[in-house]
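Subject: Structure handover

Hi,

Here is the structure for your files. My notes follow below it.

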Amino acid sequence: MSTQAATEDLAAVIGLEVHVQLETDTKIFCGCSTDAADAEPNTHTCPTCLGLPGALPVLNEGAVEAAVRLGKALHADIPERTTFHRKNYFYPDLPKGFQLTQYDAPICQDGELEVRVEDRRRDIGITRAHLEEDPGSLQHVGGSIDTADYTKVDYNRAGTPLVEIVTEPDFRSPDETRAFLAKLEEVLEYLGIYDAERDGSLRVDANISMVSADDLAGEVDDAVLAEANRTEVKNISSHKGAQQALAYEVTRQRNAIQRGREVEQETRHWDESRGITVSMRSKEAEKDYRYFEEADLPPLEVSDWKERLEIPELPDARRERFREEYDLSEEAASKLTSTKEVADFFEEIAREYDPDLAATWVADNLLGELNYRDMAVTDLEGRFDEFTRLVELVAEDEITEKNAREVVLRGMLDEGETPDDIVEAEDLGKTSGDEVQAAVEAAIAENPDAVADYEDGDEGAINFLVGQVMQKTGGSADPGQVNGLLREELDE
Amino acid sequence: MADAHNAFVTEETIEGADSGPLAGATVAVKDNISTEGVRTTCGSEMLAEYVPPYDATVVSRLTDAGATIVGKTNMDEFGMGTTTETSAFGATTNPVDEERVPGGSSGGSAAAVAAGDADYALGSDTGGSVRCPAAFCGVVGIKPTYGLVSRYGLVAYANSLEQIGPLAPTVEGAAELLDVIAGPDEHDATTRDAGAGSDYAAAANGDVDGLTVGVPTELVEGADDEVRAVFEDALDAYRDAGAEIEEVSLPSVEYGVAAYYVIAMSEASSNLARFDGVRYGESGGFEGNWNESFAETRAENLGDEVKRRILLGTYALSAGYHDKYYKQAQEARAWVRQDFEGAFEDVDVLATPTMPVLPPKLGESVDDPLQMYLMDANTVPVNLANLPAISVPAGESSEGLPVGLQLVGPTFGEETIIDAAALLG
Ligand SMILES: [Zn+2]
């Protein structure tokens, strides 16, 4: 970026490279389990993922299917056949001295993902998405990468399937990258090919250039981008991190330019704990990875996979359908489609009970209480039946809404008890009609003054009487019903 | 067992199943084929201490078939050589003539069979490494069609070119061994169904009546006179048995050696990258960063020929040279493949001398790598074209040195070449 831009308005041009771990049972080129979260180091390994001499890769077609599903969701082109290349470089976490990845025939090409930022719709172009294997992980002992006494290598992660999604430089603000990544995660979760909880499941590198805002009118000119010095920011691991790191970069670069300084073309490291980016190495010569095709993996014909593989209804479509089919507000529809589990659960309840009731209970009560406890719907796995039973108790008028919300639901979440146990233990069962009727009659008989006030047109008196009845029934009567019964008696 | 020819790197017995087609038979296994619990050195200092925790598929198939493995045979380091002189464990000598090389890179396997130290042997053939030592030691060796035999457990030198192949005193013996090791393997995605339930041994009849044998002039002209004379006599034997001999032309093979070495070295530069001192070879004690430490380990633990090929291969794949060397070589490879396909429209098998020369004396060829590479002129085109070939003893030179005849067949045409070769052995 030339310094004369200092007087002009500056705008950010950002592109992302997103590494996503695909959720498959086994690794991409061997039969080892990918579920190594709590495992001892190097226990989820075999000759292939350890890169032992003579071991060969065999492609896990499940990983290819996951990538094709993603391609379908991104409206991307899928090639006739998929091939793998070797990317050659030395690093201790790389057991073979090369990484198996895709080069000139990526599994997805030319896709897009629609995101919304404050009611503005943006279509982010997806240049490509390709499959590759994750390397192992390093643990530096007694210091950082440069100062450690020694480094331990764990190959449990080696061979975990990754998809690297490369976007066009279509982002114009850090907010847009956050919205994109959140949307991407949502789509990946809907497709059932991603586990956000897994450590390292999302890794983001961002490229950012500051250009004159005038140059950004309409399409971005490649020449403009080529002239602007590009900064690559690595080590971002969440959508929030992307927004923070890039906001930091925008400010840093804008300040530099406005002070007449050149922004260096360099790679920077996002230090999340300090909230800053740090220069890693500037002007590093471009690496020569000596790509060539992997002969051990014959090309896989995938031309008909896009038609063959089904994908579920995606979040945008489902949100729209919820609004129409269940007559929900935009906010409620958004909440209810935030994850596939929530949406599926809502629909299950809405099929049996009033959709309004289902929406209130799932979107407001359940998600609200979960959110308050920093829990997710996935934490309720195996207990959906209990929650359905709670909604049933409310729908059948067996307990009051207030008790259901404040006593039963909280007890379920905090104590892990079932709704029926809580209702019994707390004696929340609604009082029978006869008892309420008796209480109404008693309240009228015992409070002639209030009755007289009511007959004189004092509406406030009825509230006093309702209170009396509620007291007699220990709060288990329904106040609306009591109100009706009182009027019936008094108006006779 | 006295190992008079230094045919073995490690002599250790691995017992097979009690019964099976190879019950009672002994097999020597090239030291680049992984054996669980028995070190597998590839003839390299780098792997001198490497003990695989798993068996190559061919090793399990051998022991399942009742074979007893008697040891791991010497070889050119990582298969890179034509004489078995580049081994870190010393040269193997040719049992036919102690002063001569046994050929390579599977020289230990061929010598073990020729000396009677094992009934059969397994070698690997990337550019002739089974056929060359078979020819030089006077035994039979088969390079199967790419994809017929699992490579799982074979330490890769050039993985798009190589196959594990059998060596034996007779064609029928080699075919018996091939029957045991051939067929698809879930651990090797390049294996094909051909070879499942094969009975190649039954095809070893020498029935060549009506067979059309093509002789590619380009691969005969360059051979030594003595080799050529034995080869012509062998062709006469085929004529006498009812075969028709026809001259054919394979113009592409002129580029065979160049294309082969560019591809093999390129793949080798990547295949051998894992030997970085982190898990193999001498590690630690070096100053500097990781890269410097990797370089030190590799400089100290790899031999000259291996380093030469890694450097040349790295160069051929580098940005700016990739198109000029690697890509060109791939184009030449495609042409060679087409040339062979065209030839097999007219003939059933192709015949050439396996090696254009007689076995050199020890030390004669190691100092001239280019001369050594040119010795592979007749064998490498077969690997470039992924085809099956067999080397069978065709006769002897005036000094009594063995000369091999190579018969090349179409893709998965193992039965045809085994049948034809059985006429001579
Ligand atoms: Zn594994």
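A definition to begin with: two strands pair if DSSP finds at least two bridges between them. Helices (H or I, at least four residues) and strands (E, at least two) are DSSP runs, numbered from the N terminus.

Conventions next. This is a predicted model, in which local features need pLDDT of at least 70, side-chain atom pairs count only at pLDDT 80 or more, and totals for chains, interfaces and linings use all residues. Residues are numbered from 1 along each chain as its sequence is written, while chains are lettered from A and ligands numbered from 1 in the order in which they are written.

Chain A, strands
In chain A, Leu131(A) stands opposite Val163(A) in β9(A). Strand β6 (residues 120–133) of chain A pairs with β9(A) in the antiparallel sense, over seven bridges. Strand β1 (residues 10–21) of chain A also pairs with β9(A) in the antiparallel sense, over five bridges. There, His19(A) has Glu164(A) as its bridge partner in β9(A). Strand β9 (residues 161–167) of chain A is mostly covered, with five of its seven residues buried. Buried stands for 20 or more other C-beta atoms within 10 Å of a residue's own, exposed for 12 or fewer, and partly exposed for in between; C-beta atoms are placed from the backbone.

Chain A, helices
The axes of helix α14 (residues 448–455) and helix α15 (residues 460–472) of chain A come within 8 Å and cross at roughly 145°. Axes are lines fitted to C-alpha atoms, for helices over the stretch in contact, and angles run from 0 to 180 degrees between N-to-C directions. On the α14(A) side, the contact is made by Ala450(A), Asp453(A) and Tyr454(A). On the α15(A) side are Ala461(A), Ile462(A), Phe464(A) and Leu465(A). Contact between two residues requires C-beta atoms, placed from the backbone, within 7 Å.

Chain B, annotated site
The UniProt annotation "active site" (unreviewed entry) covers Lys30(B), Ser105(B) and Ser129(B). They are spread over 100 residues of sequence but cluster in space, with a largest C-alpha distance of 10.8 Å. UniProt positions are given in the numbering used here, feature names are shortened, and annotations may be inferred rather than shown by experiment.

Lys30(B) is found in strand β2 (residues 26–30) of chain B. Lys30(B) counts as buried because 32 other C-beta atoms lie within 10 Å. Leaving aside neighbours within four places in sequence, its contacts include Thr73(B), Met75(B), Ser106(B) and Leu122(B).

Ser129(B) sits in the loop between β4 (120–125) and α3 (131–137) of chain B. Ser129(B) is buried too, with 36 other C-beta atoms within 10 Å. Not counting residues up to four places away in sequence, Ser129(B) touches Ser105(B), Ser106(B) and Gly123(B), among others.

Chain B, sheet
Leu122(B) is found in strand β4 of chain B. Leu122(B) is buried, with 29 other C-beta atoms within 10 Å. Leu122(B) and Gly141(B) are 19 residues apart in sequence and 9.1 Å apart in space, C-alpha to C-alpha.

β4(B) pairs with strand β6 (residues 163–168) of chain B in the antiparallel sense, over five bridges. Ala121(B) stands opposite Leu167(B) in β6(B).

Eleven strands of chain B form an open sheet with mixed pairing, in the order β1-β3-β2-β4-β6-β5-β10-β11-β9-β7-β8. Its edge strands, β1 (8–10) and β8 (244–248), each pair on one side only.
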